[in-house]
Amino acid sequence: MRDKRLRTSILFQSDTTAIAVDSGPDFRQQMLRANIQHLDAILMTHEHNDHIIGLDDVRPFNFMNRTDMPVYATARVSTALQERFAYIFAAQRYPGAPMVKLEEIHAQQSLQIGDFTIQPIEVLHGRLPVLGYRVGDFAYITDMKTISDAEFEKLQGVATLVVNALHHSMHHSHLNLEEALAFVERLQPKQAYLTHISHRMGLHAMVQPKLPPNVQLAYDGLEIFVNDKIN
């Protein structure tokens, strides 16, 4: 089962707050599988389809919560969402269209959503700025190729890291396995998980034994318990 992966996403969840990161093509299936009955917000990393195209499926949460879904994104990503989902943001919306409230964010400003204080981390996906997110001593970064020294400083003290590792070969806009492991070694978290894994990475049973003791391949349904306060 650890080799059957849907598109990359994560859910921050406490007793009273639930926040999804991205709404890719598998958003509906992921929410149903995890039995998520309430969702407070969605944080967007960037505008590529494998991270946003399931946005239409916020409608059940509109019905259950009886409110618009807050979607946090940079100005550039917000513009892309309005273009790609014009029917959602039209002045004259058809009955039953998803209800979305865009909230603009940027890497230099933290935000509070329910129980969570969230610090955006800007990385580069090739040349495209992408946001990762830090909550307490946990950080989630996907679609990264490079990171500036200033943004790397925001990650100091992270105990648990999730970071992308596409496969073994070099790629123009993603870390490969060697680069991801070097990034983990540089940051020195207690535990790291690799995500956004291509089928070209190889089977879990073959790759996992070759990884350092504090690095694991992430898998669908993985639950990570973390400290939401920075020590």
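This is a predicted model: local features need pLDDT of at least 70, side-chain atom pairs count only at pLDDT 80 or more; totals for chains, interfaces and linings use all residues.
How many salt bridges does the count come to? The count comes to eight, by the rule that a side-chain nitrogen of Lys or Arg lies within 4 Å of a carboxyl oxygen of Asp or Glu. Residues are numbered from 1 along each chain as its sequence is written, and side-chain values use heavy atoms, with hydrogens and water left out.

View 1. Welcome to the largest pocket, with a volume of about 1400 Å³. A pocket here is an open set of points on a 1 Å grid over the protein atoms alone, where a 1.4 Å probe fits, with protein on both sides within 12 Å along at least five of seven lines. Its volume is the space filled by probe spheres set on the points, which are joined across faces, edges and corners. Lining residues, those with an atom within 4 Å of a point, number 42 in the largest pocket, and S9, I10, L11, G221 and L222 are the closest to its centre. Two or more lining residues come from each of β1 (10-13), α1 (27-33), α2 (49-52), β9 (138-141) and β11 (191-195). β1 gives the most, with four residues. Helices (H or I, at least four residues) and strands (E, at least two) are DSSP runs, numbered from the N terminus. By class, the lining of the largest pocket has 22 nonpolar, 12 polar and eight charged residues; Ala, Val, Leu, Ile, Met, Phe, Trp, Tyr, Cys and Pro count as nonpolar, Asp, Glu, Lys and Arg as charged, and the others, Gly among them, as polar.

**View 2. The second largest pocket.** About 160 Å³ of space lies here. Look for F27, R28, M31, L32, N35, I36, Q37, D57, P60, F61 and M64 around the second largest pocket. Both α1 and α3 (59-65) give two or more residues to this lining, and α1 gives the most, with four. Seven of the lining residues are nonpolar, two are polar and two are charged.

**View 3. The R76 and E47 salt bridge.** The side chains of R76 and E47 meet at 2.8 Å, N to O. This pair links distant parts of the chain, 29 residues apart: R76 sits in helix α4 (residues 75-84), and E47 in the loop between β3 (41-43) and α2. E47, at 11%, counts as buried.

**View 4. The K101 and E103 salt bridge.** Here the N to O distance is 3.5 Å between the side chains of K101 and E103. K101 is partly exposed, at 45% relative accessible area, and E103 is also partly exposed, at 24%.

View 5. E179 forms a salt bridge with K145, their closest N and O atoms being 3.0 Å apart. The partners are 34 residues apart and join distant parts of the chain, with E179 in helix α7 (residues 177-187) and K145 in the loop between β9 and α6 (149-153). E179 is partly exposed, at 21%, while K145 is buried, at 16%.

Key. Buried means under 20% relative accessible area, exposed over 50%, partly exposed in between (1.4 Å probe, protein chains only).
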